[in-house]
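Let's take a walk through this one together. We'll start with a single side chain and then step out to where the chains meet.

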Amino acid sequence: MLAVDVKNIKKTFVSKQDYVEAVKDVSFQVKQGEIFGLLGPNGAGKSTTILMLTTLLSITEGSASILGLDVSSKDKEVREKIGVALQDTGIDNLLTGRELFFTTCRLWGYSNKDSEKRTTELLELVGLMEAADRRVKTYSGGMKRRLDLGLSLVHSPEILFLDEPTTGLDPGSRRVLWDEIKRLRDNGVTIILTTQYLEEADELADRIAIIDEGLVVAEGTSDELKAGIGGDVITFAFENNNDLENAKNILKNTVQEKNELRITVEDGASKIPGYLKDLGSNGVEVSSVSANKPTLDDVFLEVTGYRLEGSEDITNEEEKRKR
Amino acid sequence: MKSNRSFLVQLQILTKRMVLRVVRRPLAELPNLIISAFFLFVYDGALGGVFGGTASGTPFDFAKGNFINFILPVSIVSASLSGAASGIYLVEDIESGVFKRYQSMPISRWAIILAPMNVGALRVLLQSGLILFIGIIIGADPAVGNIGFLIVLSIAFIWGMGFAGYSVAAGVKSGSSQGAQAATFLFFPAIFLAPTFVPREALKGWLETAAAYNPTTYVIEAMRAVMVDGWELDILFRGYLSAGLFAALTLTLAVLSARKATEKA
Ligand SMILES: Nc1ncnc2c1ncn2[C@@H]1O[C@H](COP(=O)(O)OP(=O)(O)O)[C@@H](O)[C@H]1O
Ligand SMILES: [Mg+2]
């Protein structure tokens with residue numbers, strides 16, 4: 001059975017002032033035991049999709065099922081099977097981590113005694129034992145996310161939804177969460193996570209769907225997506241605009257980014273001399289050229305026509321940290 | 001593992017959690033308590049000191065010589081407005097996302113809504129009770145005997161729940177804790193367009209008219225009857241009725257708006 005089966009779902013928000021098609025047409029399937037990543041920029045419709053799948057928003061059109069249970073008609077049963085950590089973490093700052101776990105265990109129906117036991121287990125699992133009796137107000141961003149993750153695990157859900165679990169975290173905390181998420185997957189939990197970070201999707205997700213403006217524009221494993229580009233990416237850089245414009249006409253099918261042009265071809269390295277000759281004979285000066293295997297970044301650019309902002313964040317932060 | 005997810009268990013857990021939140025912010029209890037006590041001390045200090053023990057025939061014989069008895073109902077009504085915190089508690093959870101988390105779990109939505117109402121009720125009882133206690137210490141002495149204290153407290157409770165309902169409705173409707181907070185400004189017309197410092201007979205013109213339409217008037221008059229005059233059943237009945245109708249109205253609004261808030265968009 002599929003863990004998650006989403007068929008052409010759509011969400012429109014209608015109010016007096018406006019009409020927003022937050023999700024236009026999203027379909028994907030998640031197999032049990034895998035990490036599935038929904039990758040897309042801010043406003044792409046990731047959270048709206050997650051809210052529909054977790055029974056918190058109605059589905060305007062289309063249908064979705066979780067472990068064979070229809071999300072709309074069997075919402076109660078679905079809630080029993082899923083764990084949810086939303087983007088805007090619903091965490092009670094005035095309580096301690098232990099109190100939050102205990103309360104959540106009790107709400108899921110555990111007795112006092114079982115709740116205490118489960119609380120200890122989960123505090124260990126997400127590494128918050130030491131901070132257990134401090135108010136959540138004093139937790140760092142990373143600790144709050146781990147708490148949030150832990151809270152979504154109270155009832156040992158088979159399917160876990162994580163909406164941007166690491167956004168805004170420093171690279172160290174991000175790694176810790178990545179490791180925890182992978183460990184959960186290795187223990188058989190199916191995970192659907194959303195992210196704005198290419199690296200995160202690349203590192204964590206067994207399969208990725210790229211979502212842009214409410215549509216799934218590409219889907220597959222990271223390798224499949226990269227292979228789908230077909231060959232290598234050659235990047236030409238130019239010092240002046242005239243050269244760039246001329247080159248655009250000569251090379252055809254390029255994608256421009258700032259002072260660079262990219263072209264995707266089979267066996268890139270061997271084709272560079274030919275291109276340079278063409279350009280040179282037309283008097284175009286190229287300041288640098290390189291051929292690379294496509295990255296997820298290139299895939300994103302190819303399928304959406306723009307580069308994912310903030311995808312450099314991680315590298316930047318990592319560099320900052322090294323300094 | 002044995003699992004118990006009955007409505008009452010959930011309500012109890014959610015109420016306990018919210019009590020913890022209140023206990024962790026003790027200072028938030030102070031403003032309303034201070035305002036309520038202020039009425040008691042300032043009024044008694046201003047008039048009681050000068051005219052204490054006034055015989056009949058003076059401008060102040062409405063107090064029958066005990067200003068504490070006369071002003072205590074105002075303080076208690078003011079204390080009972082602490083019920084308005086219910087809406088603020090609920091909206092805080094909506095704003096922080098805790099509400100959404102609960103909705104994603106198999107929890108009764110009525111338990112989610114009722115927990116802050118419960119805590120509002122507790123708050124009303126504690127604050128009113130505390131003011132009553134201060135009143136007793138400084139010389140309140142109901143004309144009908146000690147049962148008068150119970151009557152006053154029970155009216156205050158119903159009245160306070162009316163404010164709880166009102167704040168929940170206003171908070172959910174506005175969707176922000178500022179909205180719920182703003183709702184508490186109803187306090188001013190409620191207290192000041194009523195026979196707060198003098199009996200209704202002494203109010204003149206538009207103030208008299210406004211007071212006649214203000215349910216607070218009847219609530220205060222009922223409490224005052226018990227404290228100052230003795231058994232006046234029609235006045236008492238009007239007091240319970242005003243408080244009861246107000247509470248019924250606002251609690252209905254609260255339920256309606258809360259039902260809407262918990263529906264899927
Ligand atoms: N409740 C809502 N009412 C109106 N528009 C909304 C609502 N929720 C989201 N949107 C809009 O839908 C689009 C997708 O939002 P969202 O799903 O939050 O994107 P993401 O999570 O990928 O950043 C955005 O344009 C957002 O403004
Ligand atoms: Mg989002």
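What is the length of the polar contact that joins the side chains of A:Arg307 and A:Asp297? It comes out at 2.4 Å, a polar contact being a pair of N or O atoms within 3.5 Å where, within protein, one must be able to donate a hydrogen and the other to accept it, and residues adjacent in sequence count only if both atoms are side-chain atoms. Keep in mind that this is a predicted model, where local features need pLDDT of at least 70 and side-chain atom pairs count only at pLDDT 80 or more, while totals for chains, interfaces and linings use all residues. Residues are numbered from 1 along each chain as written, chains are lettered from A in the order in which they are written, and side-chain values use heavy atoms, with hydrogens and water left out.

A:Arg307 sits in the loop between helices H11 (296–304) and H12 (313–322) of chain A; helices here are DSSP runs of H or I, at least four residues, numbered from the N terminus. Its side chain also has a polar contact of 2.6 Å with that of A:Glu257. A:Arg307 is buried, at 13% relative accessible area (buried means under 20%, with a 1.4 Å probe and protein chains only).

Now for the interface. In chain A, 34 residues are in contact (heavy atoms within 4.5 Å) with 27 residues of chain B. The rule finds 5 salt bridges across it, each a side-chain nitrogen of Lys or Arg within 4 Å of a carboxyl oxygen of Asp or Glu. B:Arg5 forms a salt bridge with A:Glu80, with 2.7 Å between the closest N and O atoms.

Methods. Helices (H or I, at least four residues) and strands (E, at least two) are DSSP runs, numbered from the N terminus. Buried means under 20% relative accessible area, exposed over 50%, partly exposed in between (1.4 Å probe, protein chains only).
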